[in-house]
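Colleague: I have a model open and would like to go through it with you. Can we start with the words you use for it?

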Amino acid sequence: MKQLFSKVLSPTDIEHRLAVPSEILWAFEFDQARRCADFEVKDKHGQTWEFRCSTRKKDFHPKPVVSKGWRKFVKDKGLQAGDKIVFYKDVEGDSSYKIITMKKVFKLFGEEVWLPS
């Protein structure tokens, strides 16, 4: 599995949609006409979640976001601003995706300690 990105969630990520780095667009098979990609993600329990990553249609900078399915995931997982997610992709096998959610527990010697939630 290759880590695509990790992110501490902002209020906008929690309340509306998840903004993702443009650098990871290579990891999705985009429908060029619709400028989106639907994909399934598994959590640490093996539950499957359906998401859609899309980009702006009329903008030079694509600013990708995950919208479809994201709010249900946030609600069902009890995520809040300040929690962290880590996205992975299996680049050698079946091209599956995985997501891990994390809560900040404490700081130790100035380093934040995160535990899977």
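Modeller: Start with "buried": a residue is buried when its relative accessible area is under 20%, and exposed when that value is over 50%. Keep in mind that this is a predicted model.

Colleague: Fine. Is Phe39 buried or exposed?

Modeller: Phe39 has a relative accessible area of 7%, so it counts as buried. Phe39 is part of strand β3.

Colleague: Which residues is Phe39 in contact with, leaving aside its neighbours within four places in sequence?

Modeller: With those neighbours left aside, the contacts of Phe39 are Phe28, Trp49, Glu50, Phe51, Arg52, Cys53, Val66, Phe87 and Tyr97.

Colleague: What about Ala37?

Modeller: Ala37 also lies in strand β3. Its relative accessibility is 3%, so Ala37 is buried. Leaving aside neighbours within four places in sequence, Ala37 is in contact with Phe28, Glu29, Phe30, Phe51, Arg52 and Cys53.

Colleague: How far apart are Ala37 and Asp76 in space?

Modeller: From C-alpha to C-alpha, Ala37 and Asp76 are 22 Å apart, and they are 39 residues apart in sequence.

Colleague: How many residues are in the largest nonpolar core?

Modeller: The largest nonpolar core has 25 residues. Leu18, Phe28, Phe39, Phe51, Trp70, Ile85 and Phe87 are the ones with the most contacts inside it. At least two residues of this core come from each of β1 (2-8), β3 (36-42), β4 (48-54), α2 (70-77), β6 (84-89) and β7 (97-108).

Colleague: And the general background to that?

Modeller: In soluble globular proteins, nonpolar side chains tend to be buried together.

Colleague: Take Leu18, then. Where is Leu18 found?

Modeller: Leu18 is in strand β2, which covers residues 18-19. The relative accessible area of Leu18 is 0%, so this residue is buried. Apart from neighbours within four places in sequence, Leu18 is in contact with Phe5, Lys7, Leu9, Asp13, Pro64, Val65, Val66, Trp70, Ile85 and Phe87. Leu18 and Met102 are 84 residues apart along the chain, and 16 Å separates their C-alpha atoms.

Colleague: Switching to cysteines. How many disulfides does the structure hold?

Modeller: Zero disulfides. Cys36 is in none, and its nearest cysteine sulfur, that of Cys53, is 8.9 Å away.

Colleague: Now a charged residue. Where is Asp83?

Modeller: Asp83 sits in the loop between α2 and β6. Its relative accessible area is 6%, so Asp83 counts as buried.

Colleague: What does the side chain of Asp83 reach?

Modeller: The side chain of Asp83 reaches the backbone nitrogen of Gln80, at 2.9 Å. Leaving aside neighbours within four places in sequence, Asp83 has contacts that include Lys7, Met102 and Trp114.

Colleague: And Glu112?

Modeller: Glu112 is in strand β8, residues 111-116. With a relative accessible area of 37%, Glu112 is partly exposed. Its side chain makes a polar contact of 3.3 Å with the side chain of Lys104. Leaving aside neighbours within four places in sequence, Glu112 is in contact with Lys104, Phe106 and Lys107.

Colleague: Is Phe109 buried or exposed?

Modeller: Phe109 is exposed, with a relative accessible area of 80%. Phe109 is placed in the loop between β7 and β8. Phe109 also has a positive phi of about 55°, although it is not a glycine.

Colleague: Last topic, cavities. What volume does the largest cavity have?

Modeller: The largest cavity has a volume of about 30 Å³. One cavity of 30 Å³ or more is counted.

Colleague: Which residues line the largest cavity?

Modeller: Asp43, Lys44, Lys77, Ile99, Ile100, Thr101 and Ser117 line it. The largest share of that lining, three residues, is supplied by β7.

Technical notes
Residues are numbered from 1 along each chain as its sequence is written. This is a predicted model: local features need pLDDT of at least 70, side-chain atom pairs count only at pLDDT 80 or more; totals for chains, interfaces and linings use all residues. Side-chain values use heavy atoms; hydrogens and water are left out. A disulfide is a pair of cysteine sulfur atoms within 2.5 Å. A nonpolar core is a set of buried Ala, Val, Leu, Ile, Met, Phe, Trp, Tyr and Cys residues joined through side-chain atoms within 4.5 Å. Buried means under 20% relative accessible area, exposed over 50%, partly exposed in between (1.4 Å probe, protein chains only). Helices (H or I, at least four residues) and strands (E, at least two) are DSSP runs, numbered from the N terminus. A polar contact is a pair of N or O atoms within 3.5 Å; within protein, one must be able to donate a hydrogen and the other to accept it, and residues adjacent in sequence count only if both atoms are side-chain atoms. Contact means heavy atoms within 4.5 Å. On a 1 Å grid over the protein atoms alone, a cavity is a set of points where a 1.4 Å probe fits but cannot get out, and a pocket is an open set with protein on both sides within 12 Å along at least five of seven lines; lining residues have an atom within 4 Å of a point. Grid points are joined across faces, edges and corners, and a volume is the space filled by probe spheres set on the points.
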